[in-house]
Amino acid sequence: MVIIIPGAGGKIGFALTNYLFNKGHKLILGDNSKKQIELLKKKFKNSSRIILYRGDLTKQKNILKFIKTGIKRFKTINCAVNCLYPKSKNWNQKIGNIDEHSLGNFLKENLGSTIIFSQEIIKVFLKNGEGKLVNISSIQGVSAPKFDHYNNLNMDSPLQYTATKSSIIGLTKYLAKYYGKKNITVNCLSPGGIKNNQEKKFVKKYKNSCLTKGLLDAKDICGTIDFLISKNSNYINGQNIIIDDGWSL
């Protein structure tokens, strides 16, 4: 299969890229970071099954270039996994201090880019007569944060993040129903917290709210994504699958 992955340089995107490459798929990978693109280039050593695109994928013109670059090389795109998670300036402003300019940028770059990418990749699927799209939300889009996890720590879970991630779940359901009779599936994955050098106190508190592992490794969700883009999931549509080691129970 030919799979397009915006945000391929992020934690989830990088792990997923490695997983799907080892499965033998052709991959169209996009990211804004020069450093991450270089890491991907080094990792896959200019493989003929990899296309790398560097650009700001929060902008519609770059999303279109990204998709067209992949089609020009591989002739088609079968599936898409949107791992894009841009962080605009002041993205983590706390409630009570949010200003409309920063909020507007955050919503445009996160939710806006998800809507535009979905729109453009579905156009490709409509031409193909089939396609599978997987969005990435979060447990923060399903449940309110456990605020006590952040007490006296230099970290927080912003309101803007919850608003965006819950909206992505709604967007997924809308698109699934709108295009469901066109042989297109749109599903969503809501992972729990991913290990990313968080403070030890947070890691301990987080694990106490889970059943076994606590924070996940990015690779822990790759198998579920692989299932959602396979023919085994043909009749799963509009669903949000939670992988959080019981955090949301």
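Strands here are DSSP runs of E, at least two residues long, numbered from the N terminus. The model is predicted.

Start with the second largest pocket. Its volume is about 350 Å³. Two strands, S5 (131–136) and S6 (184–191), each give at least two residues to its lining. The lining has 17 residues, and Glu130, Gly131, Lys132, Asn183 and Asn234 lie nearest the centre of the pocket. By class, 9 of the lining residues are polar, 5 are nonpolar and 3 are charged.

Now turn to the charged pairs. Side chains of opposite charge can pair when their charged atoms come close. The whole structure holds 6 salt bridges.

One of them joins Asp226 to Lys23, with the closest N and O atoms 3.5 Å apart. Asp226 sits in helix H7 (residues 222–228), while Lys23 sits in the loop between helix H1 (11–22) and strand S2 (26–31), so the pair ties together parts that are 203 residues apart in sequence. Asp226 is buried, at 13% relative accessibility. Lys23 is partly exposed, at 49%.

Another salt bridge stays within a helix. Lys123 and Glu120 both belong to helix H4 (residues 100–128), 3 residues apart, about one turn of the helix. Their side chains meet at 3.3 Å, N to O. Glu120 is buried, with a relative accessible area of 7%. Lys123 is partly exposed, at 43%.

Finally, look at Asp220 and Lys213. Their closest N and O atoms are 2.7 Å apart in a salt bridge. Asp220 is partly exposed at 30% relative accessible area, and Lys213 is partly exposed at 33%. Both belong to a network of salt bridges that also links Lys195 and Asp217.

Conventions: Residues numbered from 1 in each chain as written. Predicted model: local features only at pLDDT ≥ 70, side-chain atom pairs only at ≥ 80, totals over all residues. Heavy atoms only, no water. 1 Å grid on protein atoms, 1.4 Å probe; cavity = no way out; pocket = protein on both sides within 12 Å on 5 of 7 lines; lining within 4 Å. Points joined across faces, edges and corners; volume = space filled by probe spheres on them. Helix = DSSP H or I, 4+ residues; strand = E, 2+ residues; numbered from the N terminus. Nonpolar A, V, L, I, M, F, W, Y, C, P; charged D, E, K, R; others polar. Salt bridge = Lys/Arg side-chain N within 4 Å of Asp/Glu carboxyl O. Buried < 20%, exposed > 50% of the residue type's maximum accessible area, 1.4 Å probe, protein only.
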